[in-house]
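Dear colleague,

Please find below the structure that I am passing on to you. A written account follows it.

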Amino acid sequence: MHSVTSQSLTGKLQGFHEALLADYPHICRLACAIYDKPTDVLKTFINSTRQGHAIAGYEVKLHDTPSLLHLANHQQSRVIDDISAEIHSGSVHSDWLLEQGYLSSFTVPIIRQNQFLGFVFIDSVEKNSFTLSIQRDLIMRCASICDAIANELATAHLLVATASAIRSIANLRDFETGMHLTRMAELSKLIARNLPAHFGLTDEDIEHIYLFSPLHDIGKIGIPDAILLKAGRLTDSERQTMQTHVQKGVDMIDSILADFNLIEANDARIMRNIIAFHHEYLDGSGYPFGLKGEQVPIEARIVTVADIFDALTHKRPYKKSWSVENSLTELHQMVEQGKLDDDCVTALANSLNAAQNIVTTYCDSQEPASNPGY
């Protein structure tokens, strides 16, 4: 089974950077940050770094950075001719920037259909690198990579919106609260961001995991209410029916992807892997395919841990909510049994305060009626 390895936008940016170096050999870094308007969060996304080390997993509220907020609101670019003189230490990003040895920078907002989507940051190893003529040239050249970013984000959000619309059109009672879906996104992102570097997850990969993890159980819209909403444990026969939701979800997503001609898209593959494999266990005892070990894609292993943790820490008709600490103990036991990925559980355990914050911040006003059917 394929895991998250393809870096489509990252590859495009690196190719763009390579071409740019022929004319501007002093440009040592290109990076793009994307903006999530509902949360006001600006977050690192893709980069091509030739000197220094890339900053990754970094998020900041746009309204906490007045200079960038001004650029976004006024759709303006910005040149810093001497970074060492104009940038002051005191924030994570400023401290990182000063450490890299970059001497000048050019920041370009990504605007599409009058909507602010993020920034392109261009850094040079020379002072005063970005004359007016170079600025104009770079803005024109950056249009292609900005279009690619805008298109990929639009595609990802379209897939999420389409799947969510199908769930609504099905006219089912609420089997998943909005808070459960939000928690799944936040917990999956938390785990992914704290995994060891050898997994090779980029900010681009993590963003897709964040977007698509709430769709893991989309196939449940095809499960009869008598089973889906049962206030108690399922019988063996009912459990078998419940487990068909995975294949139903895969079939549904495959149909959507085919309609949009997106079967081979990197972000679509991540979505499909999450839906298809999030009930697999590393010892082969999961379903529906009985995959083992490395056969289970890392994005699915992440969502499995997030899903079980969320089920444990929240009330169900047949159980009380567990504490975060007791839930983590259960997850560690499942690691010892060979079911869950140790790195994923450790990533969650090492972020205990953040996990607790997600549980308490996004609590349900009404507990979900759905039977998770584990």
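The notes below cover a helix, the salt bridges, and the cavities and pockets.

This is a predicted model, in which local features need pLDDT of at least 70 and side-chain atom pairs count only at pLDDT 80 or more, while totals for chains, interfaces and linings use all residues. Residues are numbered from 1 along each chain as its sequence is written, and side-chain values use heavy atoms, with hydrogens and water left out.

**Helix 1**

Helices and strands are DSSP runs numbered from the N terminus (helices H or I, at least four residues; strands E, at least two). Helix 1 covers residues 8–21, which is 14 residues, and spans 20 Å from its first C-alpha to its last, close to the 20 Å expected at 1.5 Å a residue. That expected span is 1.5 Å times one less than the number of residues. The buried residues of helix 1 are L9, T10, L13, F16, H17, L20 and L21. Seen down the axis, these buried residues fall within an arc of 135 degrees, so they line one face of helix 1. The arc is taken from the directions from the helix axis to the C-beta atoms. Buried means under 20% relative accessible area, exposed over 50%, and partly exposed in between (1.4 Å probe, protein chains only).

**Salt bridges**

A salt bridge is a side-chain nitrogen of Lys or Arg within 4 Å of a carboxyl oxygen of Asp or Glu. The count by this rule is 18 salt bridges.

- D123 pairs with R29, with their closest N and O atoms 2.5 Å apart. This pair links distant parts of the chain, since D123 is in strand 6 (residues 115–124) and R29 in strand 1 (residues 27–36), 94 residues apart. D123 and R29 are both buried.
- K189 and E186 form a salt bridge at 3.7 Å, N to O. They are three residues apart in helix 6 (residues 178–193), and are therefore separated by about one helical turn.
- E294 and R301 form a salt bridge at 3.5 Å, N to O. E294 counts as exposed because its relative accessibility is 64%, whereas R301, at 7%, counts as buried.

Salt bridges that share partners also join E59, E186, K189, R193 and D203 into one network.

**Cavities and pockets**

On a 1 Å grid over the protein atoms alone, a cavity is a set of points where a 1.4 Å probe fits but cannot get out; a pocket is an open set with protein on both sides within 12 Å along at least five of seven lines, and lining residues have an atom within 4 Å of a point. Grid points are joined across faces, edges and corners, and a volume is the space filled by probe spheres set on the points.

There are two cavities of 30 Å³ or more. The second largest cavity holds about 40 Å³, and R301 is one of its lining residues.

The largest pocket has a volume of about 810 Å³. Its lining comprises 35 residues, of which Y35, D36, K37, P38 and L117 lie nearest the centre. Helix 5 gives the most to this lining, with six residues.

The second largest pocket has about 510 Å³ of space. Of its 32 lining residues, Y58, L68, R78, H93 and F121 lie nearest the centre. Strand 2 supplies the largest share of that lining, seven residues.

With kind regards
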